[in-house]
Each structure stands twice: as C-alpha cells, then as structure tokens.
Amino acid sequence: MTEKTNTPDRYDIAIIGAGPAGLAASVYASRYKLTNVVMGPELGGYVSTTHLVEDYLGFQSISGMDLAKHFGDHAKAYDEATLLPEKVTEVSRDGDLFHLKGWAGAELSARAVLVGTGTEHNKLGVPGEKEFEGKGVSYCVTCDAAFFKDKRVAIVGGGDSGAKGALHLSEFAKEVFWIHRRDTFRAEPIWVDRVKSKPNVTFVLSNSVTKVLGEQTVTGVTLDQSYEGKGEIAVDGLFVEIGSTPERAIPDMLGAKVDDGQFLIVNDHQRTSAERVWGAGDNTTASAMFRQIGTAVGEGSVAAGDVYEYLNDPRADWHAKGAIVTD
C-alpha cells in the first residue's frame, strides 16, 4: 500500500480495514468530498491472497492480487483519500472526535469511524495447510468450487457451512469427501439429508485431517484414523469450513455491540450501536452475512453515503434510521 505524503492528521472519516468494504467506502467518501483515511496492513485484505476471482461483476477471471490493486488504485485516485499501511492498535473517543493510533506510529483523528476489518478464517492448524493455501487449500466454497470441476476434493466442517459447502461442491467435483471429527453433525438435519442424497459425496466420520499433502498443489490429506484401510485420501483440493472470527478489539474500544459470534451488529444503513461508528464487510451482520466481495463493496458504499448524510445534518438522530437494540 502506498502512503501519501504530507497527509493531514484530521479527517472526516477514518476507515479501519483496507479490504473491499473499506476501499469502496473510501471511493464513495471521496466522491462526497469527505476527507478519509484508510488504515490496514494489507491492500485488498483477504482478496489479495486469493488465487483467482471469478464471481465479481466485470471481471470474468482475475487474480486476487490484481483485483486488490484495482481497488487500491481507484481509492488512491482521489485527493480526499489517504491510504496508510498500518494496523490500528488504539482508537478512542473524545466527544465528537475519534483518535486513532497505528502500529507504525501514525496518530490521527476523525469525525466518524467505519470498521471494516473482515474476519480471520479458523484454521485446522495442521502441517501443509499454510503452505498450500491458494494452491488447493481454500476457505471459501462459493469462491472456489468451480475451479475443481471433475476433480476430487475434501471438505472439513460439521456445521451448516460444511453441509452447504459439501452440497455445492457436489455440483462441480467428481468426488467429495466430507470429513468430520464426530459421528454426528451440528448442521441442520435437512442439509445433511440433502448431502446424503448426492451419490458423489462420501462421509468420512469420526476422523480428522492431520496433514495436507502436496507438491506444487494439494495431492491429498492424511487422517488420524484409518479410512478403508489407508491413512490418507488422494484429493486435489481441501476446503476448510470451520467458521471465521472477526477481530473483537476495535468494537470493544469503540463500545459497539457485537453478536454471540463477535460480529459487529449493524442496521440497514450500516450504523452500529455506537454513535458515529459504522461497520461494513465480513466482520458485520450485514447482507445476511453472505460474506462476498460484492456484498462488502455494497456495504462500504452504503456506509459512506450514510456518513455523508449524518455529518451534514445538524438535526441528525443516530437511532432515527433503524435503532439497534443494545440490551
């Protein structure tokens, strides 16, 4: 991420997170002539680590790194925007002004804050997982299932996301191995029954992945229990669907309410329970928690528009547009 020189230390809005939601918010904020700063350690967020993106409108196929660069270049094209390659470590409120500090020493203030920090995918924590991320190991079935047409894949996760993922994969892959450490599922029975109806899905129960195998890409997984007399399964890809967790620290610093999964609660205007604090992207409860690039961009855009309206309305009532229950 490129930092602009001679940046001011006070902005209309500070955007925490440099993923699709944050960068879209920056573009719209700039077009509303709101000075804005985007703070995040990696331009594009998780998108930049994605091998290929083929489900974002306008790009039939593009690498995640290239798409992130497009997003960043668009945001940086406006004089109102400043992009700082720093993770926010501290944010506090003093009346109607917020004060932020970054890990590389940046200190600034803003009239409003948007939290778009995304989530961190829960990992298996086994050898080979990190090495083959983006090379056969995926954390998004919706994003990557089509890349495994007529191939053999495994999916781990016993909840609804695991069941829906197995079902979706069955439409593309030649064979799907649904691996779960227990002999029962947390997923709703209706989803499990639908997966059972798929002839190309094999249930591997009371078993866990202990290692991801591969050369240039994934070639298989080893198991902690024998399956059909073997300790490993040959597959071309491994999908990990064991949930994701947002960062809790920033909402806590701002006094913004989160749900039981630590996701930032927002209303239809992307407002949180904390006045002058908006949220957008995978870390929020917005867009039915679909968590796609397109929804993140939309949420960031909506938030920026609402920031503009709120900051320019002397009679603005924070809870006028869909109050958030805080108790």
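Met289 is found in the loop between strand S17 (277-279) and helix H7 (293-311). In this predicted model, the phi angle of Met289 is near 55°, a positive value in a residue other than glycine. Although Arg291 is not a glycine, its phi is positive, at about 60°. The relative accessible area of Arg291 is 30%, and Arg291 is therefore classed as partly exposed.

The cysteines were examined next. A disulfide is a covalent bond between the sulfur atoms of two cysteines. The count for this model comes to 1 disulfide. The bond joins Cys140 to Cys143, with an S to S distance of 2.2 Å, which falls within the cut-off of 2.5 Å. The torsion about the S-S bond of Cys140 and Cys143 is about 65°, and the disulfide is therefore right-handed. The two partners fall into separate accessibility classes: Cys140 has a relative accessibility of 13% and counts as buried, whereas Cys143, at 27%, counts as partly exposed.

Helix packing was considered for one pair of helices. Two packed helices are described by the angle between their axes and the distance between the axes. Helix H1 spans residues 20-31 and helix H2 spans residues 64-76. The axes of H1 and H2 come within 8 Å and cross at roughly 25°. Because angles under 35 degrees count as roughly parallel, H1 and H2 are roughly parallel to each other. The crossing in which H1 passes H2 is left-handed. On the H1 side, the contact is made by Pro20, Leu23, Ser26 and Val27. On the H2 side, Phe71, Gly72, His74 and Ala75 take part. By class, the contact of H1 with H2 comprises 5 nonpolar and 3 polar residues, with no charged residues. Pro20, Leu23 and Val27 of H1 are among the residues that count as nonpolar, while Gly72 of H2 counts as polar.

Terms used:
Residues numbered from 1 in each chain as written. Predicted model: local features only at pLDDT ≥ 70, side-chain atom pairs only at ≥ 80, totals over all residues. Heavy atoms only, no water. Axes fitted to C-alpha atoms, helices over the stretch in contact; angles between N-to-C directions. Helix = DSSP H or I, 4+ residues; strand = E, 2+ residues; numbered from the N terminus. Parallel < 35°, antiparallel > 145°, perpendicular 65-115°, else oblique. Left-handed = near helix turned anticlockwise from the far one by under 90°. Contact = heavy atoms within 4.5 Å. Buried < 20%, exposed > 50% of the residue type's maximum accessible area, 1.4 Å probe, protein only.
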